[in-house]
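Student: Please take a close look at one helix pair in this model. I would like its packing, and then the contacts around the pair.

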Amino acid sequence: MARALVLFSVVLVSLLVNQGRASENQRLINNAVIRVQHLHQLAAKMINDFEDNLLPEERRQLSKIFPLSFCNSDSIEAPTGKDETQKSSMLKLLRISFRLIESWEFPSQTLSGTVSNSLTVGNPNQITEKLADLKVGISVLIKGCLDGQPNMDDNDSLPLPFEDFYLTMGENSLRESFRLLACFKKDMHKVETYLRVANCRRSLDSNCTL
């Protein structure tokens with residue numbers, strides 16, 4: 001009888017710990033989704049404000065350039081469409097999101113400087129700080145998915161695709177400033193999509209539509 005009570009107590013404690021861990025992970029991913037949504041909205045506002053300050057001819061020229069331009073984050077392996085995204089595991093989506101966010105930490109310093117010269121975005125360092133906070137949250141979620149298992153993702157050891165690319169661009173280049181903002185918006189949209197689907201994966205919902 002005593003052994004049965006001890007066993008029951010152990011099982012009960014284990015269940016409570018697991019429930020607490022699941023609740024904390026859910027809070028973290030909800031928070032991550034909110035944070036990246038804010039970054040995506042901020043990116044959209046910055047590029048809209050940037051375009052509003054352009055002359056009509058400049059706007060026409062830039063609209064032709066960017067669709068043909070390459071964002072350096074394109075070299076990060078990621079789902080190529082909605083179907084592939086929906087079929088990806090939660091862990092894969094978190095890893096890709098982590099790498100995309102990490103790739104912008106350094107160039108976001110240039111992003112803040114670029115937009116702060118002509119736009120009002122608050123603290124010039126707020127973008128870099130928000131990215132760093134989001135990166136930490138995603139890292140914790142990845143560790144939770146691994147559940148003590150070693151991280152076998154080979155991509156983690158690869159160099160970032162553009163650690164100093166944006167810092168080498170001319171500060172007065174209208175074209176490159178627009179490219180910087182457009183690429184940032186594009187990548188924040190990607191991360192928002194991946195985290196929303198990852199959040200859906202936690203609910204075991206097979207219909208994680210985009």
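Tutor: Here is the pair, followed by its setting in the chain.

This is a predicted model, in which local features need pLDDT of at least 70, side-chain atom pairs count only at pLDDT 80 or more, and totals for chains, interfaces and linings use all residues. Residues are numbered from 1 along each chain as its sequence is written, and side-chain values use heavy atoms, with hydrogens and water left out.

The chain has 7 helices and 0 strands. Helices here are DSSP runs of H or I with at least four residues, strands are runs of E with at least two, and both are numbered from the N terminus. Of the 210 residues, 40% are buried. Buried means under 20% relative accessible area, exposed means over 50%, and partly exposed lies in between (1.4 Å probe, protein chains only).

Now the pair. Two packed helices are described by the angle between their axes and the distance between the axes. Helix α4 spans residues 90-105 and helix α7 spans residues 174-202. Their axes come within 9 Å and cross at roughly 155°. That makes α4 roughly antiparallel to α7. The axes are lines fitted to C-alpha atoms, for helices over the stretch in contact, and angles run from 0 to 180 degrees between N-to-C directions. Angles under 35 degrees count as roughly parallel, over 145 as roughly antiparallel, 65 to 115 as roughly perpendicular and the rest as oblique. The crossing of α4 and α7 is left-handed: the near helix is turned anticlockwise from the far one by less than a right angle.

What lines this contact? Its residues divide into 16 nonpolar, 1 polar and 4 charged. Ala, Val, Leu, Ile, Met, Phe, Trp, Tyr, Cys and Pro count as nonpolar, Asp, Glu, Lys and Arg as charged, and the others, Gly among them, as polar.

I101 sits in α4. I101 is buried, at 0% relative accessible area.

Next, the core. The largest nonpolar core has 44 residues. Such a core is a set of buried Ala, Val, Leu, Ile, Met, Phe, Trp, Tyr and Cys residues joined through side-chain atoms within 4.5 Å. L94, I127, L131, L134, I138, F184 and L195 touch the most other members. Helices α1, α4, α6 and α7 each supply at least two residues. α7 gives the most, with 12.

Finally, the charges. The whole structure holds 7 salt bridges. Each is a side-chain nitrogen of Lys or Arg within 4 Å of a carboxyl oxygen of Asp or Glu.

K135 and E105 form one of them, with closest N and O atoms 3.0 Å apart. K135 is in α6 and E105 is in α4, 30 residues apart.

D74 and K190 form another, at 3.9 Å between the closest N and O atoms. D74 lies in the loop between α2 (56-65) and α3 (82-87) and K190 in α7, so the bridge ties together parts 116 residues apart in sequence. D74 is partly exposed at 31%, whereas K190 is buried at 19%. Shared partners join D74, K186 and K190 into one salt-bridge network.

D133 pairs with R35, the closest N and O atoms being 3.7 Å apart. This bridge links α6 (residues 126-146) with α1 (residues 2-52), across 98 residues. D133 is partly exposed at 42%, and R35 is partly exposed at 32%.
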